[in-house]
Amino acid sequence: MAGGITQTGIFDKGLGNKNKIQGELRSALEILVKNDIELIICEYFRNILEMEWAIEVALEYGLPVAATMCMGPGGDESGMAVGECAVRMARAGATLVGVNCLFDPNVCLDVLKSMKVALDAFELSPYLMAQPLGYRVPDGGSFGWVEIPEFPFAVEPRQITRFEARKWAREAFNLGVRYIGGCCGFEPYHIRAMAEELADVRGCLPEASDKSDHDLAIHKELESKLCRYANKGDMSFWMNQKPCTGRPLSTPFCCQPAPATVNKAILN
């Protein structure tokens, strides 16, 4: 069982009081530790310095520490490169390092690639960890989905499919990520789909797979009987599909009031 702490909200890009910030983090951790957690997750930190302070406190409890930052390819809020952030988290003592939230799976994969390059260059080998956003936001700017017009009440059309979750999980695993999860926008069926995709690694299917038609056996049978189910029993059909939102003009890319720069991950 894991327990997590996050940014305090009182850090001011280096001007914050380290003792006060660590005191807040320590008081939160003490409650979690009393409840017998086995892993401490320092997550959703926007600044590498506050993250280092958090890792320092977390290590006081003698438990493994995971550290994930909410940042895109541009680095943390101070502009620190993602590779340097990864190196600093590892050197601070984190057993797992990576990213979580704000950015979609494809953008997070780009960030993880940069992290891995830097970690390898400095001969550091923490486990890689990722819990991306469940919505596609290549136009999210430096602060991810909170910068898009649809945030927070109309983001549903951007939600990834279960098959996109599967594809992400396989690509993340092939990159070397070993703690693979999801953050805002991920539903239980996404997590199940990722576990099904990696069943060959895990050695088993998740318990709920008996209800998911994970191998498309049901739809293969339907395909043989009903023409409207053509291709529905073919895994490649689903894995390579580009879903339609049902809207002739997708606002983020066809009729924006101000054009937005999008991350190259939109092509993935």
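In this predicted model, the largest nonpolar core has 60 residues, and the members that touch the most others are Cys42, Met51, Met89, Trp145 and Trp168. Helix H4, which spans residues 105-121, gives the most to this core, with eight residues. A second core of five residues is separate and includes Ile41, Ala66, Leu96 and Met129.

Beyond its neighbours within four places in sequence, tryptophan 168 is in contact with Pro105, Leu109 and Leu112, with Ala130 and Pro132, and with Ile180, Gly181, Phe186 and Met194. Of these partners, Pro105, Leu109 and Leu112 have numbers that fall within helix H4 (residues 105-121).

The chain contains 10 helices and six strands. Buried residues account for 43% of its 268 residues. The radius of gyration is 20 Å, which agrees with the value near 18 Å that a compact globule of 268 residues would have. Along the principal axes, the C-alpha atoms fill a box of roughly 70 × 50 × 35 Å. Taking contacts between residues at least 6 apart in sequence, 71% join residues that are at least 24 apart. The accessible surface comes to about 13800 Å², and carbon and sulfur atoms hold 54% of that surface.

Aromatic rings come next. How many aromatic pairs does a search of the whole structure find? The search finds five. One of them joins phenylalanine 11 and tryptophan 53 edge-to-face, with 5.5 Å from centre to centre and 75° between the planes. This pair links distant parts of the chain, 42 residues apart: phenylalanine 11 sits in the loop between strand E1 (2-5) and helix H1 (18-34), and tryptophan 53 sits in helix H2 (residues 48-58). Phenylalanine 11 counts as buried because its relative accessibility is 13%, and tryptophan 53 is buried with a relative accessible area of 10%. Phenylalanine 237 and tryptophan 238 also form a pair; their ring centres are 5.0 Å apart and their planes stand at 80°, so this pair is edge-to-face. Phenylalanine 237 is partly exposed at 25% relative accessibility, and tryptophan 238 is partly exposed at 21%. Elsewhere, ring pairs link Tyr135, Trp145 and Phe151 into a cluster. Trp145 is also one of the core residues that touch the most other members.

Charged side chains form another set of links, with 12 salt bridges in the structure. Arginine 158 forms a salt bridge with glutamate 150, and the closest N and O atoms are 3.1 Å apart. Are these two residues buried or exposed? Both arginine 158 and glutamate 150 are buried. Lysine 211 and aspartate 210 give a contrasting setting: their side chains meet in a salt bridge at 3.5 Å, N to O, and both residues are exposed.

A salt bridge also joins aspartate 200 to arginine 170, with the closest N and O atoms 3.0 Å apart. Aspartate 200 lies in helix H7 (residues 199-202) and arginine 170 in helix H5 (residues 162-175), so the pair ties together parts that are 30 residues apart in sequence. Aspartate 200 counts as exposed because its relative accessibility is 58%. Salt bridges with shared partners join Arg166, Arg170, Glu197 and Asp200 into one network.

Glutamate 197, a member of that network, is found in helix H6 (residues 188-197). Glutamate 197 counts as buried because its relative accessibility is 15%, which is under the 20% cut-off. Apart from neighbours within four places in sequence, glutamate 197 is in contact with Arg166, Arg170 and Met239.

The last stop is a glycine. Where is glycine 233 found? Glycine 233 is in the loop between helix H8 (217-225) and helix H9 (235-239). With a relative accessible area of 7%, glycine 233 is buried. Setting aside neighbours within four places in sequence, glycine 233 is in contact with Leu216, His219, Lys220 and Glu223. The C-alpha atoms of glycine 233 and aspartate 210 are separated by 16 Å, and the two residues are 23 residues apart along the chain.

Terms used. Residues are numbered from 1 along each chain as its sequence is written. Side-chain values use heavy atoms; hydrogens and water are left out. Helices (H or I, at least four residues) and strands (E, at least two) are DSSP runs, numbered from the N terminus. Buried means under 20% relative accessible area, exposed over 50%, partly exposed in between (1.4 Å probe, protein chains only). Contact means heavy atoms within 4.5 Å. A salt bridge is a side-chain nitrogen of Lys or Arg within 4 Å of a carboxyl oxygen of Asp or Glu. A nonpolar core is a set of buried Ala, Val, Leu, Ile, Met, Phe, Trp, Tyr and Cys residues joined through side-chain atoms within 4.5 Å. The radius of gyration is taken over C-alpha atoms; the globule rule is 2.2 Å times the number of residues to the power 0.38. Accessible areas come from the Shrake-Rupley method with a 1.4 Å probe; for residues, only the protein chains shown count as cover. Rings of Phe, Tyr and Trp (its six-membered ring) pair if their centres lie within 6.5 Å; planes under 30 degrees apart count as stacked, over 60 as edge-to-face and the rest as tilted.
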